[in-house]
Amino acid sequence: MGKKITMTEVVSRDGLQIEPNFIETEYKISLIKRLMDAGVKRFEVTSFVHPKYVPQMSDAEEVMRGLRDRPDDVTFCTLALNEKGVERAISAGTDEINFTFSLSETHNGKNSRRSVSESLENIKSLVKRADEVNIPVNVGIATGFGCPFEGIYSPDRLIPVVTQLTDWGITSILLADTTGMAHPNQVKQTCQLIIEQFPGVRLQLHLHNTRGMGAANVVAGIEAGVTQFDSSLAGIGGCPFAPGASGNICTEDIVHMLHLMGYETNMNIDKLLLISRNLEEKLGKSLPGQLMKAGKSTDLHSKEWQAVTSK
Ligand code: ZN
(Lines give C-alpha, C1' and ligand atoms only; values in the text may rest on other atoms or scores of the structure.)
Protein backbone atom coordinates (compact mmCIF):
# COMPACT_ATOMS: atom_id res chain seq x y z
CA MET A 1 0.00 0.00 0.00
CA GLY A 2 1.28 3.44 -0.90
CA LYS A 3 1.87 6.22 1.54
CA LYS A 4 -1.14 8.37 2.34
CA ILE A 5 -1.11 12.04 1.36
CA THR A 6 -3.88 14.35 2.57
CA MET A 7 -4.94 17.23 0.37
CA THR A 8 -6.94 20.16 1.74
CA GLU A 9 -9.13 21.68 -0.95
CA VAL A 10 -9.02 25.49 -0.93
CA VAL A 11 -10.89 26.26 -4.16
CA SER A 12 -13.91 27.79 -2.45
CA ARG A 13 -11.74 30.15 -0.37
CA ASP A 14 -8.24 30.89 -1.69
CA GLY A 15 -9.37 29.80 -5.15
CA LEU A 16 -12.47 31.91 -5.59
CA GLN A 17 -11.71 34.88 -3.37
CA ILE A 18 -10.14 37.01 -6.08
CA GLU A 19 -12.72 36.18 -8.75
CA PRO A 20 -14.13 39.57 -9.74
CA ASN A 21 -17.69 38.35 -10.29
CA PHE A 22 -19.66 37.04 -7.34
CA ILE A 23 -20.16 33.29 -7.60
CA GLU A 24 -23.59 32.47 -6.28
CA THR A 25 -23.84 30.64 -2.96
CA GLU A 26 -25.66 27.66 -4.50
CA TYR A 27 -22.75 27.04 -6.86
CA LYS A 28 -20.22 27.17 -4.01
CA ILE A 29 -22.28 24.67 -2.00
CA SER A 30 -22.70 22.35 -4.97
CA LEU A 31 -18.97 22.60 -5.77
CA ILE A 32 -18.06 21.42 -2.27
CA LYS A 33 -20.67 18.65 -2.34
CA ARG A 34 -19.32 17.36 -5.65
CA LEU A 35 -15.76 17.52 -4.29
CA MET A 36 -16.81 15.48 -1.23
CA ASP A 37 -18.24 12.95 -3.66
CA ALA A 38 -14.85 12.89 -5.45
CA GLY A 39 -13.21 11.93 -2.16
CA VAL A 40 -12.07 15.25 -0.67
CA LYS A 41 -11.98 14.98 3.13
CA ARG A 42 -10.53 18.37 4.13
CA PHE A 43 -11.59 21.80 2.95
CA GLU A 44 -10.81 25.39 3.63
CA VAL A 45 -14.43 26.27 2.94
CA THR A 46 -14.68 30.02 3.32
CA SER A 47 -13.45 32.96 5.34
CA PHE A 48 -15.20 35.06 7.93
CA VAL A 49 -13.79 38.42 6.94
CA HIS A 50 -15.36 41.79 6.35
CA PRO A 51 -17.57 41.61 3.23
CA LYS A 52 -16.33 45.05 2.20
CA TYR A 53 -12.77 43.71 1.79
CA VAL A 54 -13.60 40.30 0.33
CA PRO A 55 -17.11 40.48 -1.19
CA GLN A 56 -16.74 36.95 -2.64
CA MET A 57 -16.80 35.55 0.93
CA SER A 58 -19.79 37.59 2.09
CA ASP A 59 -21.97 34.46 2.01
CA ALA A 60 -19.76 32.50 4.44
CA GLU A 61 -22.63 31.69 6.84
CA GLU A 62 -24.97 30.62 4.04
CA VAL A 63 -22.33 28.35 2.51
CA MET A 64 -21.74 26.68 5.88
CA ARG A 65 -25.48 26.35 6.47
CA GLY A 66 -25.92 24.68 3.09
CA LEU A 67 -23.30 22.08 4.04
CA ARG A 68 -24.43 21.35 7.59
CA ASP A 69 -25.23 17.69 6.87
CA ARG A 70 -21.72 16.68 5.94
CA PRO A 71 -20.21 13.27 6.72
CA ASP A 72 -18.31 12.96 10.03
CA ASP A 73 -15.03 12.15 8.31
CA VAL A 74 -15.01 15.45 6.41
CA THR A 75 -13.28 18.41 8.06
CA PHE A 76 -14.24 21.99 7.35
CA CYS A 77 -11.61 24.62 8.13
CA THR A 78 -12.51 28.28 7.81
CA LEU A 79 -10.36 31.38 7.94
CA ALA A 80 -10.79 34.16 10.48
CA LEU A 81 -8.68 37.25 11.06
CA ASN A 82 -10.19 38.86 14.13
CA GLU A 83 -12.51 38.27 17.11
CA LYS A 84 -15.63 38.90 15.11
CA GLY A 85 -14.51 36.40 12.49
CA VAL A 86 -13.80 33.79 15.15
CA GLU A 87 -17.24 34.23 16.71
CA ARG A 88 -18.86 33.95 13.29
CA ALA A 89 -16.85 30.82 12.50
CA ILE A 90 -17.83 29.21 15.81
CA SER A 91 -21.54 30.01 15.31
CA ALA A 92 -21.39 28.66 11.77
CA GLY A 93 -20.17 25.29 13.04
CA THR A 94 -16.61 25.27 11.72
CA ASP A 95 -14.54 22.16 12.55
CA GLU A 96 -11.20 23.98 12.62
CA ILE A 97 -10.16 27.62 12.34
CA ASN A 98 -7.26 28.88 10.27
CA PHE A 99 -5.39 32.00 11.28
CA THR A 100 -2.73 33.57 9.17
CA PHE A 101 -0.02 36.17 9.19
CA SER A 102 2.84 36.90 6.85
CA LEU A 103 6.48 36.36 7.72
CA SER A 104 7.31 39.37 5.55
CA GLU A 105 6.87 42.67 7.39
CA THR A 106 6.05 44.38 4.10
CA HIS A 107 3.51 41.80 2.95
CA ASN A 108 2.00 41.52 6.43
CA GLY A 109 1.61 45.29 6.59
CA LYS A 110 -0.10 45.43 3.21
CA ASN A 111 -2.37 42.54 4.11
CA SER A 112 -3.33 43.48 7.66
CA ARG A 113 -1.89 46.93 8.41
CA ARG A 114 -0.07 45.37 11.36
CA SER A 115 3.53 44.50 12.18
CA VAL A 116 4.38 40.80 12.34
CA SER A 117 4.62 40.90 16.15
CA GLU A 118 1.23 42.65 16.40
CA SER A 119 -0.27 39.97 14.16
CA LEU A 120 1.22 37.25 16.32
CA GLU A 121 -0.23 38.81 19.48
CA ASN A 122 -3.61 38.98 17.75
CA ILE A 123 -3.37 35.30 16.79
CA LYS A 124 -2.43 34.41 20.37
CA SER A 125 -5.67 35.91 21.68
CA LEU A 126 -7.78 34.36 18.91
CA VAL A 127 -6.30 30.92 19.59
CA LYS A 128 -7.26 31.33 23.24
CA ARG A 129 -10.87 31.86 22.25
CA ALA A 130 -10.86 28.83 19.94
CA ASP A 131 -9.35 26.75 22.77
CA GLU A 132 -12.22 27.74 25.08
CA VAL A 133 -14.68 26.08 22.72
CA ASN A 134 -12.33 23.21 21.83
CA ILE A 135 -11.96 24.08 18.18
CA PRO A 136 -8.58 23.04 16.75
CA VAL A 137 -6.62 25.75 14.94
CA ASN A 138 -4.08 25.88 12.14
CA VAL A 139 -1.77 28.85 11.87
CA GLY A 140 -0.71 29.83 8.39
CA ILE A 141 2.67 31.44 7.85
CA ALA A 142 2.22 33.30 4.57
CA THR A 143 5.27 34.13 2.46
CA GLY A 144 7.12 31.55 4.59
CA PHE A 145 9.88 31.08 2.02
CA GLY A 146 10.23 34.60 0.69
CA CYS A 147 8.27 37.55 -0.63
CA PRO A 148 8.52 39.88 -3.63
CA PHE A 149 9.41 42.79 -1.35
CA GLU A 150 12.11 41.22 0.83
CA GLY A 151 13.41 38.37 -1.36
CA ILE A 152 14.03 34.69 -0.57
CA TYR A 153 14.56 33.88 3.12
CA SER A 154 16.93 31.58 4.87
CA PRO A 155 15.02 28.75 6.63
CA ASP A 156 16.39 30.08 9.96
CA ARG A 157 14.03 33.02 9.72
CA LEU A 158 11.16 30.68 10.58
CA ILE A 159 12.63 29.25 13.75
CA PRO A 160 11.85 32.06 16.23
CA VAL A 161 8.31 32.39 14.88
CA VAL A 162 7.55 28.68 15.03
CA THR A 163 9.10 28.58 18.51
CA GLN A 164 6.73 31.31 19.62
CA LEU A 165 3.71 29.57 18.10
CA THR A 166 4.54 26.24 19.70
CA ASP A 167 5.10 28.00 23.06
CA TRP A 168 1.49 29.12 22.77
CA GLY A 169 0.40 25.52 22.27
CA ILE A 170 -0.09 25.70 18.50
CA THR A 171 0.72 22.36 16.93
CA SER A 172 -0.60 22.71 13.40
CA ILE A 173 1.21 24.97 10.97
CA LEU A 174 0.45 25.78 7.37
CA LEU A 175 3.66 26.92 5.80
CA ALA A 176 2.77 28.93 2.72
CA ASP A 177 4.71 29.86 -0.38
CA THR A 178 2.15 32.56 -1.09
CA THR A 179 3.96 34.04 -4.05
CA GLY A 180 5.44 30.87 -5.54
CA MET A 181 9.09 31.81 -4.99
CA ALA A 182 10.35 28.69 -3.25
CA HIS A 183 12.41 26.09 -5.11
CA PRO A 184 12.49 22.37 -4.28
CA ASN A 185 15.85 22.38 -2.44
CA GLN A 186 14.66 25.24 -0.29
CA VAL A 187 11.34 23.52 0.45
CA LYS A 188 13.06 20.28 1.36
CA GLN A 189 15.67 21.97 3.56
CA THR A 190 13.12 24.20 5.29
CA CYS A 191 10.64 21.39 5.96
CA GLN A 192 13.37 19.09 7.22
CA LEU A 193 14.52 21.80 9.61
CA ILE A 194 11.01 22.42 10.99
CA ILE A 195 10.23 18.70 11.29
CA GLU A 196 13.53 18.05 13.11
CA GLN A 197 13.30 21.00 15.47
CA PHE A 198 9.55 20.75 16.14
CA PRO A 199 8.63 17.06 16.13
CA GLY A 200 5.27 17.79 17.75
CA VAL A 201 4.16 20.10 14.95
CA ARG A 202 1.86 18.96 12.17
CA LEU A 203 3.41 20.68 9.16
CA GLN A 204 1.22 21.33 6.14
CA LEU A 205 2.37 23.03 2.94
CA HIS A 206 0.38 25.65 1.06
CA LEU A 207 2.06 26.11 -2.31
CA HIS A 208 1.39 28.35 -5.27
CA ASN A 209 2.51 27.53 -8.80
CA THR A 210 3.38 31.12 -9.73
CA ARG A 211 6.73 30.16 -11.26
CA GLY A 212 5.97 26.59 -12.29
CA MET A 213 7.68 25.02 -9.26
CA GLY A 214 4.54 23.82 -7.46
CA ALA A 215 4.61 20.11 -8.32
CA ALA A 216 8.36 19.86 -7.77
CA ASN A 217 7.88 21.52 -4.39
CA VAL A 218 5.24 18.95 -3.42
CA VAL A 219 7.73 16.16 -4.14
CA ALA A 220 10.41 18.02 -2.20
CA GLY A 221 8.00 18.40 0.74
CA ILE A 222 7.19 14.68 0.67
CA GLU A 223 10.90 13.85 0.63
CA ALA A 224 11.25 15.94 3.79
CA GLY A 225 8.37 14.07 5.45
CA VAL A 226 5.38 16.33 4.79
CA THR A 227 2.13 14.46 4.12
CA GLN A 228 -0.43 17.30 3.99
CA PHE A 229 -0.84 19.86 1.24
CA ASP A 230 -3.34 22.55 0.32
CA SER A 231 -4.40 22.75 -3.30
CA SER A 232 -7.12 24.29 -5.43
CA LEU A 233 -9.23 22.62 -8.06
CA ALA A 234 -8.15 23.82 -11.54
CA GLY A 235 -5.22 25.66 -9.94
CA ILE A 236 -7.08 28.91 -9.41
CA GLY A 237 -6.49 31.61 -6.80
CA GLY A 238 -3.87 34.05 -5.72
CA CYS A 239 -3.13 36.73 -3.20
CA PRO A 240 -4.40 40.19 -4.10
CA PHE A 241 -1.68 41.80 -1.97
CA ALA A 242 1.39 40.44 -3.77
CA PRO A 243 2.55 41.49 -7.25
CA GLY A 244 2.45 38.72 -9.87
CA ALA A 245 0.89 36.20 -7.50
CA SER A 246 -1.07 33.47 -9.23
CA GLY A 247 -2.80 30.18 -8.68
CA ASN A 248 -2.54 27.55 -6.01
CA ILE A 249 -1.09 24.20 -6.98
CA CYS A 250 -3.80 22.39 -8.93
CA THR A 251 -5.58 19.60 -7.05
CA GLU A 252 -6.19 17.24 -9.94
CA ASP A 253 -2.71 17.76 -11.44
CA ILE A 254 -1.06 16.97 -8.10
CA VAL A 255 -3.37 14.05 -7.29
CA HIS A 256 -2.70 12.60 -10.76
CA MET A 257 1.05 12.88 -10.18
CA LEU A 258 0.84 11.38 -6.69
CA HIS A 259 -1.21 8.41 -7.87
CA LEU A 260 1.31 7.69 -10.64
CA MET A 261 4.03 7.81 -7.99
CA GLY A 262 2.18 5.27 -5.85
CA TYR A 263 0.75 7.57 -3.19
CA GLU A 264 -2.84 7.37 -1.98
CA THR A 265 -5.07 10.42 -1.73
CA ASN A 266 -8.57 8.92 -1.49
CA MET A 267 -9.59 11.00 -4.50
CA ASN A 268 -11.16 10.05 -7.81
CA ILE A 269 -9.35 11.80 -10.66
CA ASP A 270 -12.14 11.38 -13.21
CA LYS A 271 -14.63 13.02 -10.88
CA LEU A 272 -12.18 15.83 -10.09
CA LEU A 273 -11.71 16.47 -13.81
CA LEU A 274 -15.43 16.75 -14.40
CA ILE A 275 -15.79 19.26 -11.58
CA SER A 276 -12.75 21.19 -12.76
CA ARG A 277 -14.06 21.46 -16.34
CA ASN A 278 -17.42 22.54 -15.00
CA LEU A 279 -15.69 25.27 -12.98
CA GLU A 280 -13.87 26.43 -16.10
CA GLU A 281 -17.20 26.72 -17.86
CA LYS A 282 -18.68 28.54 -14.90
CA LEU A 283 -15.85 31.09 -14.72
CA GLY A 284 -15.85 31.48 -18.50
CA LYS A 285 -12.09 31.51 -18.98
CA SER A 286 -9.20 29.12 -19.35
CA LEU A 287 -7.96 27.95 -15.93
CA PRO A 288 -4.37 26.98 -15.05
CA GLY A 289 -4.95 23.22 -14.48
CA GLN A 290 -3.04 21.15 -17.02
CA LEU A 291 -4.63 17.72 -16.64
CA MET A 292 -7.97 19.15 -17.76
CA LYS A 293 -6.31 20.11 -21.04
CA ALA A 294 -4.02 17.12 -21.61
CA GLY A 295 -5.97 14.27 -20.00
CA LYS A 296 -4.42 11.59 -17.81
CA SER A 297 -1.11 9.94 -18.66
CA THR A 298 -3.01 6.67 -18.86
CA ASP A 299 -5.50 7.99 -21.47
CA LEU A 300 -4.22 6.44 -24.69
CA HIS A 301 -5.08 7.85 -28.10
CA SER A 302 -5.55 5.80 -31.25
CA LYS A 303 -2.88 5.94 -33.96
CA GLU A 304 -5.30 7.82 -36.16
CA TRP A 305 -5.30 10.74 -33.72
CA GLN A 306 -4.57 14.06 -35.38
CA ALA A 307 -4.13 17.48 -33.93
CA VAL A 308 -7.02 19.81 -34.52
CA THR A 309 -5.48 22.54 -36.61
CA SER A 310 -7.11 25.92 -36.64
CA LYS A 311 -7.35 27.79 -39.90
ZN1 ZN B 1 -2.70 30.85 -1.04
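**Group meeting: cavity, pocket and helix packing**

About 30 Å³ of space lies in the largest cavity. This is a predicted model, where local features need pLDDT of at least 70 and side-chain atom pairs count only at pLDDT 80 or more, while totals for chains, interfaces and linings use all residues. Residues are numbered from 1 along each chain as its sequence is written, and side-chain values use heavy atoms, with hydrogens and water left out.

Back to the cavity. The structure holds 1 cavity of 30 Å³ or more. On a 1 Å grid over the protein atoms alone, a cavity is a set of points where a 1.4 Å probe fits but cannot get out; a pocket is an open set with protein on both sides within 12 Å along at least five of seven lines; lining residues have an atom within 4 Å of a point. A volume is the space filled by probe spheres set on the points, which are joined across faces, edges and corners. Thr8, Arg42, Cys77, Asn98, Asn138, Leu174, Gln204 and Asp230 line the largest cavity. By class, that is 2 nonpolar, 4 polar and 2 charged residues, with Ala, Val, Leu, Ile, Met, Phe, Trp, Tyr, Cys and Pro counted as nonpolar, Asp, Glu, Lys and Arg as charged, and the others, Gly among them, as polar.

Next, the second largest pocket. Its volume is about 280 Å³. Of its 19 lining residues, Asn209, Cys250, Asp253, Pro288 and Gln290 are the closest to the centre. Which elements give two or more residues to this lining? They are H9 and H10, and the largest share, 3 residues, comes from H10. Helices here are DSSP runs (H or I, at least four residues), numbered from the N terminus. The lining of the second largest pocket divides into 7 nonpolar, 11 polar and 1 charged.

Now the packing of those helices. Helix H9 (residues 214–224) and helix H10 (residues 251–260) pack at about 50°, axes 10 Å apart. Axes are lines fitted to C-alpha atoms over the stretch in contact, and angles run from 0 to 180 degrees between N-to-C directions. H9 is therefore oblique to H10; angles under 35 degrees count as roughly parallel, over 145 as roughly antiparallel, 65 to 115 as roughly perpendicular and the rest as oblique. The crossing of H9 and H10 is right-handed, meaning that the near helix is turned clockwise from the far one by less than a right angle, with anticlockwise being left-handed. Ala215, Val218, Val219 and Ile222 of H9 meet Ile254, Met257 and Leu258 of H10, contact meaning heavy atoms within 4.5 Å. By class, this contact has 7 nonpolar, no polar and no charged residues.

H9 also packs with helix H8 (residues 184–197), at an angle of about 30° and with axes 8 Å apart. H8 is thus roughly parallel to H9, and their crossing is right-handed. The contact includes Val187, Cys191 and Ile195 of H8 and Ala216, Ala220 and Ala224 of H9. Its residues divide into 7 nonpolar, 3 polar and 2 charged.

Last, helix H2 (residues 25–37) and helix H11 (residues 269–283). Their axes come within 9 Å and cross at roughly 165°, so H2 is roughly antiparallel to H11. This crossing is left-handed. Tyr27, Leu31, Arg34, Leu35 and Asp37 of H2 contact Lys271, Leu272, Ile275, Asn278, Leu279 and Lys282 of H11. By class, there are 6 nonpolar, 1 polar and 4 charged residues in the contact of H2 with H11.
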